[in-house]
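Subject: Structure for you to look at

Hi,

Here is the structure I promised to pass on. Have a look at it first, and then read my notes below.

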Amino acid sequence: MSSARRLLELKRYHSLNAFLRRVFGERVQKVTIDAGFTCPNRDGAREKGGCIYCNAFGSGTGAFKEGLTIREQMLAGMERLARRYRARKFIAYFQAFSNTYAPLEVLKKRYEEALVDERVVGLAIGTRPDCINEEIVKLLASYQERGFMVWLEMGLQSAHNKTLFLINRGHTYEEFLQALKLAKKYDLLVCTHVIFGLPGETPAEMLQTIEKIADLPLDGLKFHELYVVRGSRMEELYRKGAYKPLTQAEYVDLVCEALALLPWRVVIQRLTGDPRPEELVAPAWAREKSKTLRLIEETLVNRDLWQGKYRGEPDPLLKEATAPSRLSPGAYSA
Ligand code: SF4
């Protein structure tokens, strides 16, 4: 890529696209997989009813229930993304429910099914901290040893136990820390999810979560606004007037502040949520993904903020000038 193009593409945060380009030397797209898992926070093993913002879809596409195999989902997703972005490499993203919540042999079979051909260069496995044990981590590490990039995505949402209790997460911050320690023992890349706008939290508490996790050995982070979906317990609270979502401006401000608190090495995998329009109850602005992204980028420029600024890290232009042109996943996680 020419240096002019690199500068144009440069963002004030460490985007997943930039990271993947640097590692693989080209565009890599994630293919979302619904692999038919469930969740211990819904089936009663841990809790019943699930997180209060979750509905029966568990962030999934429903493709598995509709009879599409993992292989079929991968092939269809790769074809679509290859057409749209001219991508030639892909990461299988197991998104729906808790994708480590099954016996080891079932996990292995389902992960293997996603590795349809040499175009699949990685796995991203979404799960909960209480669905991790050493055997599972070893299984994921075995894919890394085979040369795949492996991301373990563990939802945290908040570092405040009072909030985790209130939203019925069914795990504590300390359990998250234990699972993270285990994953890092095997050098997995770990990404976590944080939600801004959870009930009962002030903006200061939301940013305290970022401050708490900023020094953890995390490799990636996804930001979400709390949006209310049909069929969730949040919908009842919202309709009773007991919950007021963040405004778009408040959310944008929080994300920009949070980015400035985070070290540059953390790869930002998502800046805003992406609700299905037919499921969304509120806020209406959650439908405006492109606008929210644009506002975040503009606010970073207008306030001269960048990821790592509050930690005294240099601006991204300097970072880009000094970064190696290509990193290996292993080198990144070391
Ligand atoms: S952990 Fe995920 S799938 Fe399970 S209840 Fe919470 S949001 Fe839903």
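**What I found**

Let me begin with a helix contact: I70, R71 and M74 of α3 meet R110, E113 and A114 of α4. By class, that contact divides into three nonpolar, no polar and three charged residues. The axes of α3 (residues 70–85) and α4 (residues 104–114) come within 8 Å and cross at roughly 25°. With the cut-off for roughly parallel set at under 35 degrees, α3 therefore counts as roughly parallel to α4. The crossing of these two helices, α3 and α4, is right-handed.

Before going on, please keep in mind that this is a predicted model. The mean pLDDT of the protein is 91, and 90% of its residues reach 70 or more. The stretch to watch is residues 324–334, where the pLDDT is below 50. In the model, this stretch still has 22 contacts beyond near neighbours in sequence.

On the α4 side the contact uses L104, L107, K108, Y111 and E112, and on the α5 side E135, I136, L139, L140 and Y143. Sorted by class, the residues of the α4 contact with α5 are seven nonpolar, no polar and three charged.

From α8 the contact takes P203, M206, L207, I210, E211 and A214, while α10 supplies L254, E257, A258 and L261. Eight residues of the contact of α8 with α10 are nonpolar, none are polar and two are charged.

**The ligand shell**

Which residues are around the ligand? They are C39, N41, R42, G50, C51, Y53, C54, F97, R128 and R169. By class, this shell has five nonpolar, two polar and three charged residues.

**Two backbone details**

The peptide bond from A282 to P283 is cis, with omega near -5°. P283 itself lies in the loop between β9 (280–282) and α11 (289–302).

The other spot is R86, with phi near 55°, a positive value in a residue other than glycine. You'll find R86 in the loop between α3 and β2 (89–94).

Cheers

Terms used. Residues are numbered from 1 along each chain as its sequence is written. This is a predicted model: local features need pLDDT of at least 70, side-chain atom pairs count only at pLDDT 80 or more; totals for chains, interfaces and linings use all residues. Side-chain values use heavy atoms; hydrogens and water are left out. A residue is near a molecule or strand if one of its heavy atoms lies within 4 Å of it. Ala, Val, Leu, Ile, Met, Phe, Trp, Tyr, Cys and Pro count as nonpolar, Asp, Glu, Lys and Arg as charged, and the others, Gly among them, as polar. Axes are lines fitted to C-alpha atoms, for helices over the stretch in contact, and angles run from 0 to 180 degrees between N-to-C directions. Helices (H or I, at least four residues) and strands (E, at least two) are DSSP runs, numbered from the N terminus. Angles under 35 degrees count as roughly parallel, over 145 as roughly antiparallel, 65 to 115 as roughly perpendicular and the rest as oblique. A crossing is left-handed if the near helix is turned anticlockwise from the far one by less than a right angle, and right-handed if clockwise. Contact means heavy atoms within 4.5 Å. pLDDT is the predictor's confidence in each residue, from 0 to 100.
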